[in-house]
Amino acid sequence: MKEQIREAEGTLGILIPGLGAVATTMIAGVESIKKGLAQPIGSLTQMGNIRLGKRTENRYPKIKDFVPLADLNDIVFGGWDVYTDNVYEAAIHAKVLEPGILQSIKSELEKVKPMKAVFDKTYVRNLDGKNVKEAATKYDLALAVMEDIENFRQTHDCSRIVMVWCGSTERYIEQEDVHENIYAFEAGLKNNDPRIAPSMIYAYAAIKKGVPFANGAPNLTCDIPALVSLAKEMGVPVAGKDFKTGQTLMKTILAPGLEARALGIKGWFSTNILGNRDGLVLDDPDNFKTKEVSKLGVLEDILKPDERPELYGDLYHKIRINYYPPHGDNKESWDNIDIFGWMGYSMQIKINFLCRDSILAAPIVLDLALFMDLAHRANMSGIQEWLSFYFKSPQTAEGLRPEHDIFKQLIKMQNTLRHMMGEDLITHLGLDYYQDLVEAL
Ligand SMILES: NC(=O)c1ccc[n+]([C@@H]2O[C@H](COP(=O)([O-])OP(=O)(O)OC[C@H]3O[C@@H](n4cnc5c(N)ncnc54)[C@H](O)[C@@H]3O)[C@@H](O)[C@H]2O)c1
């Protein structure tokens, strides 16, 4: 496989629908890193290492020195938003990063001006931007996005482009017949079927243009058979859904540990307050529902209550998100976990995480963009389950249970990279070390 991976030559365009808190924090971070003003903390592509071969070989290179990733200096950013603010203005508005650091990269950020968005207020009621495309049909809107992609490619002389959805969470919808196959989907685009969300229009346009697409929100977007099969047909990687940050990150770190020790869990109550624009959008019950569904699946999947009713059969899992403007992007979350141990004796765990949502999400966007580009150059297409590590609600093939345990997700990702580069997969069995020892005696 290694020989077939195309080099990361030329410019990589990263196109982002939704230039809000997460996207601007990521772009500002990359520009600061390029100038030596900051470190890419939290990014596996930039700071992560990977073990190769046996433990005795002591090979532990940086991931970026092991797989051929695009260099940060070869990246150019673009995107769409319903507001006209350029990335500098949007970053100031988001209040995630200090004005001083933004000032030092102002000229780079000001260059990124949002293209007109594909937007439908019935999907995000709490937003009211005017930087929106108008067209007779959803199909025309898709064509307009394809034209944007092409113009961007030519203007910036990109050799490759990837797209990462950082737009607001859309209202909850379920898969229906219009999403079943590409014929129904394209007919739906042409007759303005209300069940086709704006994010699906971007995803369709990207895939048609051979552009890998990752979805950072919990919306269905490319998690529908029509777009999965189109991605396969076009040889394009897709991945989703919902960046794994904050409370869910903690959940997928802690729950596998409790489960590994066969400790029971009676209840897990998660609540948080946040005051950014994401919080405002999620204040609408229809949009919250999309997020809730994405967050709820995590515990059930790690703990498998059906198979272990004595430990997890009575698990009560509750999630609350509260819009609280004074906290801005600095989300504060509380988890109360009621667990029980030997002979059923109860214990409690309390977590109070004072996190910064976009600081946790930004490196995920960068990693996804670089890995999706790598996957495309390695001729991998369709759902990229090996990137589950980054998602709250990993997209998988139909009928396949997603893996939520962050440690298994990491092993899966690292083994995929080893597989791509022709290195031995690591099973962590380790018996061979002892076999060698016996033979040496
Ligand atoms: N921050 C995190 O930790 C985190 C974690 C998981 C998922 N997410 C998801 O990532 C997304 C972005 O989060 P954020 O904090 O940056 O939110 P944000 O509100 O600051 O940014 C979203 C941006 O998308 C724009 N937008 C909405 N609909 C659009 C459309 N159809 N086309 C183009 N632009 C559109 C909005 O105007 C806004 O500027 C949200 O869906 C959020 O739920 C964030």
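## Basis

Residues are numbered from 1 along each chain as its sequence is written, and side-chain values use heavy atoms, with hydrogens and water left out. The model is predicted: local features need pLDDT of at least 70 and side-chain atom pairs count only at pLDDT 80 or more, while totals for chains, interfaces and linings use all residues.

## Helix α16

Helix α16 covers residues 406-420; helices (H or I, at least four residues) and strands (E, at least two) are DSSP runs, numbered from the N terminus. From first to last C-alpha, the 15 residues of α16 reach 21 Å, close to the 21 Å expected at 1.5 Å a residue (1.5 Å times one less than the number of residues). After α16 comes G422, with a positive phi near 75°.

The buried residues of α16 are I406, Q409, M413, Q414, N415, T416, L417, R418 and M420; buried means under 20% relative accessible area, exposed over 50% and partly exposed in between (1.4 Å probe, protein chains only). They pack against α2 (44-47), α3 (63-66), α11 (246-260) and α15 (357-377), where contact means heavy atoms within 4.5 Å.

## R320 in strand β8

Strand β8 (residues 316-323) contains R320. R320 counts as partly exposed because its relative accessibility is 33%. Beyond its neighbours within four places in sequence, R320 is in contact with F269, S270, T271, N272, F288 and E292. L370 is 50 residues from R320 along the chain, and their C-alpha atoms are separated by 33 Å.

## Cavity and pocket

On a 1 Å grid over the protein atoms alone, a cavity is a set of points where a 1.4 Å probe fits but cannot get out, and a pocket is an open set with protein on both sides within 12 Å along at least five of seven lines; lining residues have an atom within 4 Å of a point. Points are joined across faces, edges and corners, and a volume is the space filled by probe spheres set on them.

There is 1 cavity of 30 Å³ or more. The largest cavity holds about 30 Å³, and its lining includes A239, G240, I383 and F391.

The second largest pocket holds about 600 Å³. Its lining has 28 residues, with Q175, L220, D223, K241 and T396 nearest its centre. Helix α13 (285-303) supplies the largest share, 4 residues.
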